[in-house]
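The exercises below are to be worked with the sequence and the 3D structure at hand. Try each task before reading its solution.

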Amino acid sequence: MNAENSAKFITTPDSISDAIVSVLHYPGFDIDKGRGELRVEGRPIALRPKTFALLLRLAQHPGRLLGRIELIEAVWRDVIVTDDSLVQCIGELRAALGDRSQQLIRTVPRRGYIFDVRPVGSFSDEGADLTAPSPSLALNGGIGVPQSVREGAPRQSSDFVDTAVRRAVPSNTESAGEERTSLTRSARATGNLPAQMPPLYGRAEDIASLTRLLQSSRVVSVVGPGGIGKTRLAQAVARRLHRDYADGAWIVELASLADGELLVPTVARVLGHQIALEAGGLKSLVRLIRDQRLLLVLDNCEHLLEQAAELVAQIVAAAPGVRVLVSSQEPLHIDQEQIFRLDALAVPASADATVALGFGAIQLFVARAQAADPKFTVDSGNVCDVVEICRRLDGIPLAIEFAAARGALLGVHGLRLRLDEQLRLLAGGNRTALPRHQTLRGALQWSYGLLTAPEQTVFDRLGVFMGSFPLEAAQRAASDQAIDSWAVIDHLASLVDKSLVMVEGGGMPRYRLLESSRAFALERLALTGALDATRRRHAEALAENLTGDDPFEEPLARMRRIAPDLDNVRAAVAWALGPTGDRQIAVELAAATDRLWDARGFNDEGARLYRTIEPWVDESMPPRLAARFWFAVADLRMRTELKREVASALKAARLFQSLNDRFGAFRSLTVAAHQFAFLADREAAKAALTEAEALFDDAWPSWLRTSVAYCRAVFAYHIDRKPDQARRIAQAALQGHRCGDSFYGDRCETMLPVCDLMEGDFASALRRCNDILDRLRVTETVHLQLHILLTRGAALVYLGDFKAAELALQSACTLSMHASGLMTHPYCYVAHLLARQGRLADAARTIAWIDNRQLQADLGYRDWIPPAAASSYKEARAIVDSSFTREERDRFASEGARLNVEQVTAMAFPGR
């Protein structure tokens with residue numbers, strides 16, 4: 001490109017509406033519309049087409065609030081999506097733009113987003129501290145862009161952006177498939193770092209020091225009291241270093257993990273491996289990662305020190321490419337551990353406003369105070385009070401946040417006086433003699449003292465919730481004869497306003513206490529003797545809320561509603577099964593968790609819970625509760641427990657029939673028919689489906705009719721082995737499907753590629769799988785994702801794309817353990833892949849392992865090999881049998897029969 005032509009591609013604030021412009025230049029990044037590319041610091045960043053289209057839309061309207069509906073209509077004009085798709089793309093943009101993303105793309109709660117930067121001709125930010133905005137700009141409400149540039153943003157023509165969107169989005173399926181593969185690899189290499197990183201005030205030196213320490217040490221523990229900022233510092237360092245690790249940087253959040261035995265499976269799951277909850281899991285995990293180069297961040301380890309120390313010691317001993325960053329209130333006390341003690345934020349010694357703004361504690365106070373009152377500034381009239389508040393709070397970030405949030409209510413001077421009273425009460429005039437966690441306790445006690453008595457009671461009771469919680473559950477758990485459920489709403493709103501309870505946005509907002517606040521609330525409950533009673537109300541509230549009041553609630557809507565409550569279920573179940581618990585409440589909780597385990601991919605955990613509770617479901621249990629419990633067991637969809645599940649479905653159906661509950665009986669029988677089809681029991685499946693259809697009521701919602709069609713398609717495919725008939729049934733159901741829940745419609749659509757596979761149209765099967773992955777929210781049920789990955793992998797094997805097939809099948813095998821239990825049939829596709837790759841000995845061993853599994857009489861699903869998997873198995877066996885002598889086959893068969901699933905998986909996917 002010559003100089004004359006290149007000039008018109010340099011944009012200025014006044015030329016942004018020029019449709020000729022191809023490259024927009026910003027401080028630190030460029031948007032290349034011609035190439036459909038975002039470049040950060042000169043490096044191309046891979047974005048999905050819709051994400052790039054969203055970026056273009058935002059960039060075309062700098063400084064203007066773009067509503068959610070406006071953005072969705074502009075970017076997804078031909079597809080119906082929810083706010084979740086928009087939020088996901090915003091998250092991807094913020095992750096790509098890095099530390100400044102919160103300033104560049106500002107969220108206006110419940111309204112939309114503002115792209116708060118304009119293109120410039122040239123800009124250099126070398127040497128700038130990007131860990132936080134400039135104090136002077138923070139005081140002026142700026143975001144790092146001169147005010148003269150921020151004002152007067154003209155509204156732009158949408159035609160230009162629409163044209164750019166069409167140019168950026170690939171129009172053919174192959175390109176989309178290639179992009180998905182690229183994104184999968186990119187995501188795998190990057191890890192699971194948060195998409196949104198809040199600014200860190202006064203931590204530039206800490207970030208640099210911890211980065212250097214982690215580069216020279218295998219294990220570094222960031223140690224300090226609660227609320228000092230260990231988690232945010234660890235995340236910032238992981239983001240800075242993640243490109244140095246070929247296998248990514250991975251954060252494992254342990255705050256909600258109450259059982260140390262779950263530590264290894266939790267770490268393995270985050271890393272994408274399958275580790276069962278059993279002895280030897282730690283050694284298996286270490287073997288899986290021993291050749292990888294990754295950064296593992298174990299966050300909030302103080303309650304799991306023994307298990308975490310053993311895990312890290314084993315990793316250090318056997319996985320030389322893995323480095324571990326730990327955040328904890330105590331060190332692990334193991335060899336090679338380097339301790340990084342995190343100090344509080346710096347507080348100035350003098351009360352000079354200009355000097356004070358250079359200290360992290362003051363910067364944090366200003367930022368939080370401005371969140372409550374945008375007009376707040378530090379000046380000569382209040383700087384003494386601000387500095388004294390931060391000093392008395394020892395520079396603890398959480399304590400400063402609590403204090404600053406009260407500034408709008410009390411004023412800075414009144415805040416200082418009130419703080420003085422509380423500190424004298426808790427420290428007895430000798431504050432330096434107390435450890436820092438006592439200072440944080442003082443800050444919490446002070447904030448707590450600002451509440452009215454009813455607000456304190458509600459705050460205490462909310463401490464029993466793990467993670468986030470819905471309003472309805474909060475009303476039930478926090479109310480009693482003195483505080484009714486409507487009063488709870490008022491008090492909760494006050495707690496949110498005072499920053500003691502956080503709000504997580506969305507169509508149905510959820511609420512959360514900070515972990516330190518939650519610990520304080522639980523302590524208060526214990527001191528007042530109200531902890532056990534509140535835990536009982538929490539469990540009752542959770543069971544009631546999960547159950548819901550709509551018997552016809554659509555499956556996808558139910559999964560989305562209850563999936564966030566997994567940690568709450570774990571906490572409530574732990575109480576219900578404990579010494580002061582209640583067996584009937586335990587059964588109610590279990591009965592209310594149908595769809596929960598499937599939505600989160602923890603069906604193995606659900607199966608263990610149901611087996612624990614099952615002996616209590618006897619004649620003393622109310623029939624309706626028992627029926628709901630057996631339905632939950634039946635609908636778990638653990639393929640390793642098909643016989644148990646189908647028996648549970650029939651129990652549920654009979655109990656519902658005895659209660660004259662036609663709908664409950666219908667649903668239980670459709671589940672039974674589905675499970676009988678997988679067991680290849682033709683007569684039982686036909687009888688259950690016929691009985692279910694006889695109960696069907698035309699007044700019921702349309703998704704129930706689609707569920708019957710799906711059962712018929714499964715019957716035709718699995719029992720009759722007629723893929724053409726299964727396709728006709730599924731397509732007819734899709735054509736007749738009305739607007740609304742797509743749960744069973746999605747499942748009918750997933751029947752189409754597997755039918756293509758059985759009929760030899762592998763290209764069509766692959767196209768359908770790619771299309772489904774692109775359009776459907778398959779991650780909302782791991783079973784759907786597992787099915788598509790297996791079908792896609794099988795099609796890729798037939799088409800000779802072994803590398804892509806390996807990626808798909810490895811992902812499927814990883815998913816299957818927790819979602820469905822140890823299944824045999826995914827390895828039929830694996831055996832076919834190995835045989836077609838020429839890895840004949842490994843294929844022979846895999847086949848022998850499959851044969852041995854099928855001979856084990858205790859497996860409830862041993863006859864369930866789907867037709868497509870059976871075809872792949874036969875192809876693999878034919879190749880192996882024709883390649884070896886009888887003696888060689890017998891030797892490989894003997895070797896394969898002795899393998900376990902982890903060994904087979906490691907053999908099939910070496911180095912992954």
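Predicted model: local features only at pLDDT ≥ 70, side-chain atom pairs only at ≥ 80, totals over all residues.

**Exercise 1.** Describe the open sheet of five strands and the helices that lie on it.

Solution. 
Step 1. Read the order: 9-10-11-8-12, with parallel pairing. At the edges are strand 9 (249–253) and strand 12 (337–341), each pairing on one side only. Neighbouring strands are turned by 20 degrees against each other on average, direction ignored.
Step 2. Look at one pairing inside the sheet. Strand 8 (residues 219–223) and strand 11 (residues 322–328) are joined in the parallel sense by five bridges. Here Ser221 has Val326 of strand 11 as its bridge partner.
Step 3. Find the helices. Helix 12 (residues 263–270) packs on the sheet in touch with strand 9 and strand 10 (294–299), and its direction is at about 145 degrees to that of strand 9. Helix 14 (residues 305–318) lies across strand 8, strand 10 and strand 11, at about 160 degrees to strand 11.

**Exercise 2.** Characterise the aromatic pair of Phe552 and Trp700 and say which parts of the chain it ties together.

Solution. 
Step 1. The whole structure holds 21 aromatic pairs. Phe552 and Trp700 form a tilted one, with 6.4 Å centre to centre and 45 degrees between the planes.
Step 2. Phe552 sits in the loop between helix 24 (531–547) and helix 25 (555–562), and Trp700 in the loop between helix 33 (682–695) and helix 34 (702–718), so the pair connects parts 148 residues apart in sequence.
Step 3. Compare with the limits for burial: under 20% is buried, over 50% exposed. Phe552, at 28% relative accessibility, is therefore partly exposed. Trp700 has a relative accessible area of 11% and is therefore buried.
Step 4. Both rings belong to one aromatic cluster, made up of Phe552, Phe663, Phe666, Phe696 and Trp700.

**Exercise 3.** Is helix 36 largely enclosed or open? Describe its length and its contacts through rings as well.

Solution. 
Step 1. Helix 36 (residues 743–758) has 16 residues and reaches 24 Å from first to last C-alpha, close to the expected 22 Å.
Step 2. Of its 16 residues, 15 are buried, so the rest of the structure largely encloses helix 36. One of its residues, Tyr744, is buried with a relative accessible area of 9%.
Step 3. The ring centres of Tyr710 and Tyr744 are 6.3 Å apart and the planes are at 45 degrees, so this pair is tilted. It links helix 34, which holds Tyr710, to helix 36, which holds Tyr744, across 34 residues.
Step 4. Arg747 lies over the face of Phe743, 3.5 Å from the ring centre.
Step 5. After the helix comes Gly760, with a positive phi near 85 degrees.

Terms used: Residues numbered from 1 in each chain as written. Heavy atoms only, no water. Helix = DSSP H or I, 4+ residues; strand = E, 2+ residues; numbered from the N terminus. Expected span 1.5 Å × (residues − 1). Buried < 20%, exposed > 50% of the residue type's maximum accessible area, 1.4 Å probe, protein only. Phe/Tyr/Trp six-rings, centres within 6.5 Å; stacked < 30°, edge-to-face > 60°. Lys NZ or Arg CZ within 6 Å of the ring centre and 35° of its normal. Pairing = 2+ DSSP bridges. Axes fitted to C-alpha atoms, helices over the stretch in contact; angles between N-to-C directions. Contact = heavy atoms within 4.5 Å.
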